[in-house]
Amino acid sequence: MKHLLVLFAVLAVPAWAQDAAGPSPAEAAARADTLHARRDDPAVEKEIDSLLRSALQAAPEDYGLLWRMARLRHWQADGLKGEPMAKLGRESWEWGDKAVKVNPAGVEGHYYAGIGLGAYSQGAGILRALTEGLEGKFNARVDKALQLNASFDRGGPLLTKGRYHFELPWPKRDYGKSTVLLRQVLEKFPGRIRGGVYLAETLLADGKAAEAKQVLDAALAQPPSGDPPEDRRALAWGKALQPKIQAALK
């Protein structure tokens with residue numbers, strides 16, 4: 001019986017953790033990418049976190065591990081509000097900046113630092129972030145990601161910049177610039193549901209409810225993109241936007 005308990009205990013531990021030496025950075029990164037496709041499962045999210053923390057203890061300056069930790073923290077921050085969003089957004093920003101120090105030429109570090117900073121700003125409050133002088137820091141990171149690879153993460157840098165122009169308070173807000181950038185995302189990546197939801201929200205705020213409905217309907221009708229957690233999150237946001245558009249059309 002004792003031997004069976006030991007066996008069950010070993011089997012309950014992820015395979016990567018059964019090796020006393022731990023996985024190599026490349027192995028840990030590959031495993032994190034595999035798990036990333038199921039990151040909206042709390043148990044899987046916890047496993048990614050544990051995997052990356054363990055691997056970073058052994059290789060604290062590995063670029064691939066650093067930006068993947070920034071990616072995880074942004075996923076956790078995304079969609080939250082207030083202090084929880086600000087806390088996780090700051091962690092994403094800090095991990096991304098660590099990655100940039102290791103590899104300034106990599107788009108991933110700049111991108112996740114930028115969107116992490118954006119999440120921090122949303123959680124803390126845009127006006128507070130502007131007061132803290134974070135707008136320039138945000139733009140420096142996102143603009144560098146745009147320069148390096150605007151198509152990374154299915155147009156993520158363009159998507160981020162488009163949303164930035166929507167989120168800014170008046171008089172900095174610019175729905176026109178937001179619309180142009182978000183349309184560029186959808187031209188290159190029509191399956192990017194979040195891009196459609198963001199564009200519909202911009203159009204609605206700009207007094208173009210009929211056009212917003214067309215864009216949102218098209219976004220919600222998109223086939224699976226290969227990133228189920230992202231699709232599910234964006235679809236939920238899109239469905240929550242539908243009643244607002246319907247009300248504006250009356």
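**Salt bridges in close-up**

**View 1. Glu211 and Arg183 are joined through their side chains in a salt bridge (2.3 Å, N to O).** A salt bridge is counted when a side-chain nitrogen of Lys or Arg lies within 4 Å of a carboxyl oxygen of Asp or Glu. Glu211 belongs to helix H13 (residues 209-220) and Arg183 to helix H11 (residues 175-188), so the pair ties together parts that are 28 residues apart in sequence. Helices (H or I, at least four residues) are DSSP runs, numbered from the N terminus. Glu211 is partly exposed at 30% relative accessibility, and Arg183 is partly exposed with a relative accessible area of 31%. Buried denotes under 20% relative accessible area, exposed over 50%, and partly exposed the range in between (1.4 Å probe, protein chains only).

The model is predicted: local features need pLDDT of at least 70, side-chain atom pairs count only at pLDDT 80 or more, and totals for chains, interfaces and linings use all residues. Residues are numbered from 1 along each chain as its sequence is written, and side-chain values use heavy atoms, with hydrogens and water left out.

**View 2. A salt bridge joins the side chains of Asp33 and Arg68 (2.9 Å, N to O).** This pair links distant parts of the chain, with Asp33 in helix H3 (residues 25-36) and Arg68 in helix H5 (residues 63-77), 35 residues apart. Asp33 is partly exposed, at 33% relative accessible area, whereas Arg68 is buried, at 12%.

**View 3. Glu91 and Lys87 form a salt bridge between their side chains (2.7 Å, N to O).** Both residues lie in helix H6 (residues 82-102), 4 residues apart, about one turn of the helix. Lys87 is partly exposed, with a relative accessible area of 48%.

**View 4. A network of salt bridges links Asp78, Asp153, Arg192, Arg194, Glu230 and Arg233.** The structure holds 24 salt bridges.

Notes. Helices (H or I, at least four residues) and strands (E, at least two) are DSSP runs, numbered from the N terminus.
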